[in-house]
Each structure stands twice: as C-alpha cells, then as structure tokens.
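Please look over the sequence and the structure before reading on.

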Amino acid sequence: MKRILITGASGMVGEHLTAALTKKGYIVHALVRKPQRDSEQVKYFTWNVEEGIIDKTCIEEVDAIVHLAGENIGKRPWSKNVRTKILKSRTDSIGLIYKLLSTGNHQVKQVVSASGTGYYGNKRDELLSEDRVPADDFLGQTCFAWEMAVAKGRSLGLRTVSLRCGVVFTKEGGALSKIAAPIKLGLGATLGSGKQYIPWIHIQDAVNMYIYALEHPGLQGVYNMVAPEPVTNKQLNQQIAKILGKPLWLPPVPAFVLKSIMGKMSELLLDSAKVSPDKILNAGFRFTYPTIETALKHIFEREKRDE
C-alpha cells in the first residue's frame with residue numbers, strides 16, 4: 001500500500017482524487033490550513049505557505065506528491081495583489097515542500113502537479129500541443145512559472161509531471177453549473193462570438209489522469225489534460241440546452257459587455273484555446289467521457305437523480 005501526499009485536497013478535484021485513491025487502497029496525507037480529524041485512510045497535516053510553516057511529518061512513508069494547491073483564479077478580480085497571491089500560492093507552496101524534502105530523509109520518488117491550459121492564451125482555432133511557448137499574459141506566465149517551480153524537483157531526483165488542465169466539468173458546482181444556470185431558466189446565451197474554444201474535461205477523466213500519471217513511471221514532463229473533442233462556447237451552450245430540453249434563443253452577450261463587467265477576468269470566458277490531448281493518448285491513457293455529449297449526459301442525468 002502506498003501513501004500519497006496531496007496539496008489542495010479540500011478543493012473540488014482534490015476531494016474526488018482523495019476518494020478515488022482511498023478506494024484503490026492508497027493512504028492519503030492531506031496538507032490543509034486548519035487541523036482536521038483523521039480517518040482510517042486520510043491523515044491531515046497543517047501548513048501555512050505564506051508563513052513558510054509545514055508539518056515535517058507529512059512526508060513520512062510518502063511515495064508520491066500530488067500538487068493541486070492554488071488560489072482560485074475566478075474568485076476575485078485580478079488586482080495586482082490578487083495576481084501575486086494566485087502566483088505565489090502555486091509556486092511558493094511547492095517550493096516549501098521541496099525545501100522540506102531537501103533537508104530530511106524521505107522516500108518520495110515523484111511529483112504530479114496541476115497546471116492550466118491558460119498557459120496557451122488566446123490562440124483562436126490553432127491546435128495547441130505541449131511544445132508551444134507560454135502566452136505573454138498573466139495566466140500564461142503564471143502557468144509557466146508554476147511548471148518551472150515543479151520541475152525544480154528533478155534536481156532532487158524526483159520524476160515530475162505537470163498536467164495542463166482545462167475546465168473541469170462536474171455536477172458539484174464549478175464552471176459548468178454557472179454556464180448551465182441561465183439555460184435551465186430559459187435564459188441561456190452564447191458569450192462573445194461563441195466561436196472561442198473551451199478546453200474541457202469530465203471530473204472522472206481528470207481524476208483518472210492524475211492516477212495514471214502516478215502509476216506510470218514512464219510519464220515525465222508536461223501533458224495536456226483535456227478531452228479529445230474540441231468544443232466552442234456556442235456548441236457547448238447548444239449541447240447543454242439540448243440535453244436539458246431548454247430553448248437557446250437570446251442573442252449573444254457582446255464581448256465588450258463582459259469586459260466592462262469583469263475586466264481582465266473576461267479572458268476566462270472569451271479566450272480561445274483548442275488544446276490537443278494527443279500526447280497523453282499516445283502514452284496509453286483512455287478517456288471515459290471523450291465527447292461533450294457523453295460527459296454532459298452523465299453529469300446532468302446524475303444531477304437529476306440526486307434532486
């Protein structure tokens with residue numbers, strides 16, 4: 001039985017990943033800000049990245065680390081202070097862990113980290129693979145710095161993997177629930193031109209890919225974490241409306257309206273990234289929900305059953 005240390009274990013992906021790992025027989029060490037009660041297979045350890053504090057016992061008997069910690073990029077407007085917090089929450093956190101690994105005995109062999117498809121910026125309908133240079137904007141440079149911070153683990157003899165994750169679709173909140181909410185009310189509309197590509201992935205496939213990266217030592221470096229079927233904003237809205245049996249009749253929301261309301265954060269809705277998963281597919285990974293139709297049907301049918 002192996003032990004996995006997870007940062008960001010209380011987040012949406014972290015909770016699903018923790019459940020999947022424990023179901024497979026792993027023991028999870030979760031780094032959290034506030035003390036929590038241990039369960040049989042989940043042990044909690046505290047840290048404070050801003051103050052450089054970490055429970056040194058968190059790495060005892062740990063074989064691998066999954067780094068998911070990071071300030072939510074869609075929670076607040078991107079003021080200078082918020083941009084700094086978003087960056088440091090990702091880079092300083094893994095730096096604190098590496099500092100701990102460099103000073104004591106441990107058996108950690110690998111680090112699998114989140115990254116984001118924001119790395120690519122607005123590339124319209126170009127097909128994007130992992131060898132592209134990062135966008136010269138806030139998200140692009142943040143993702144690049146994040147990946148570089150993780151890659152420093154190689155100097156400690158660690159295998160490192162960074163997964164550039166797209167928008168994760170799940171029934172438990174997140175972006176999909178916000179997109180679907182007006183459609184459920186019969187008030188859905190495409191955003192901007194509607195032609196912008198949304199890199200997406202079903203939560204189950206995201207979790208499976210993290211586990212695949214942990215269990216396949218041949219993987220190293222950067223991989224895109226997106227489903228094989230590219231989808232535009234308009235196509236996504238149309239598919240949601242079709243599955244929910246709702247009309248999609250309102251005119252598109254102009255880009256200038258979104259920019260006036262959200263400022264730079266409107267990039268999250270208006271930028272286009274047509275991202276390729278070919279590298280992870282060639283490494284042997286297989287998707288459970290490869291198409292937008294299968295993913296949305298699973299999510300909304302499950303949501304209906306739970307109501």
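Q: How many of the five residues of strand β11 are buried?
A: The model is a predicted one, and in it strand β11 covers residues 221-225. This strand is largely enclosed by the rest of the structure, because the number of its residues that are buried is five of five.

Q: Which residue of β11 is the bridge partner of C165?
A: Strand β8, residues 159-165, pairs with β11 in the parallel sense, and five bridges link the two. C165 is itself buried, since its relative accessible area of 14% is under the 20% cut-off. Its bridge partner in β11 is M225.

Q: What is the distance from the sulfur of C165 to the closest cysteine sulfur?
A: A disulfide is a covalent bond between the sulfur atoms of two cysteines. For C165 the closest cysteine sulfur belongs to C143, and the pair is too far apart for a bond because the separation is 10 Å.

Q: How many disulfides does a search of the whole structure find?
A: The cut-off for counting a disulfide is a sulfur pair within 2.5 Å, and the sulfur of C165, at 10 Å from that of C143, is too far for a bond. When the whole structure is searched, the number of disulfides found is zero.

Q: Which residues point one way from β2, and which the other way?
A: In a regular strand the side chains alternate between the two faces of the sheet. Strand β2 is mostly covered, with six of its six residues buried, and the residues on both sides are buried. One way point I27, H29 and L31, and the other way point V28, A30 and V32.

Q: Which residue is the bridge partner of H29 in β3?
A: H29 is found in strand β2, residues 27-32, and β2 also runs parallel to β3, to which five bridges join it. In β3, the bridge partner of H29 is K43.

Q: How far is the backbone nitrogen of E51 from a polar atom of the side chain of N48?
A: N48 is found in strand β3, residues 42-48, and counts as buried because its relative accessible area of 17% is under 20%. Apart from residues up to four places away in sequence, N48 touches R33, I53 and L96. The distance between its side-chain polar atom and the backbone nitrogen of E51 is 3.0 Å.

Q: Is E61, which has a positive phi although it is not a glycine, buried or exposed?
A: The phi of E61 is about 65°, and the residue sits in the loop between β4 (53-54) and β5 (64-67). Because its relative accessible area of 53% is over the 50% cut-off, E61 is exposed.

Q: What is the phi of R124, which is not a glycine?
A: R124 has its place in the loop between β6 (110-116) and β7 (127-128). It is exposed, with a relative accessible area of 64%. Its phi is positive, at about 50°.

Q: How far apart in space are the C-alpha atoms of E130 and N237?
A: E130 lies in the loop between β7 and α3 (138-151), where it is buried at a relative accessible area of 13%. Among the residues it touches are Y120, R164, V222, Y223 and N224. E130 and N237 are 107 residues apart in sequence, and the distance from C-alpha to C-alpha is 27 Å.

Q: What distance separates the C-alpha atoms of K23 and K123?
A: K23 and K123 are 100 residues apart along the chain, and their C-alpha atoms are separated by 39 Å.

Terms used
Residues numbered from 1 in each chain as written. Predicted model: local features only at pLDDT ≥ 70, side-chain atom pairs only at ≥ 80, totals over all residues. Heavy atoms only, no water. Helix = DSSP H or I, 4+ residues; strand = E, 2+ residues; numbered from the N terminus. Buried < 20%, exposed > 50% of the residue type's maximum accessible area, 1.4 Å probe, protein only. Polar contact = N/O pair within 3.5 Å; in protein donor to acceptor, adjacent residues only side chain to side chain. Contact = heavy atoms within 4.5 Å. Pairing = 2+ DSSP bridges.
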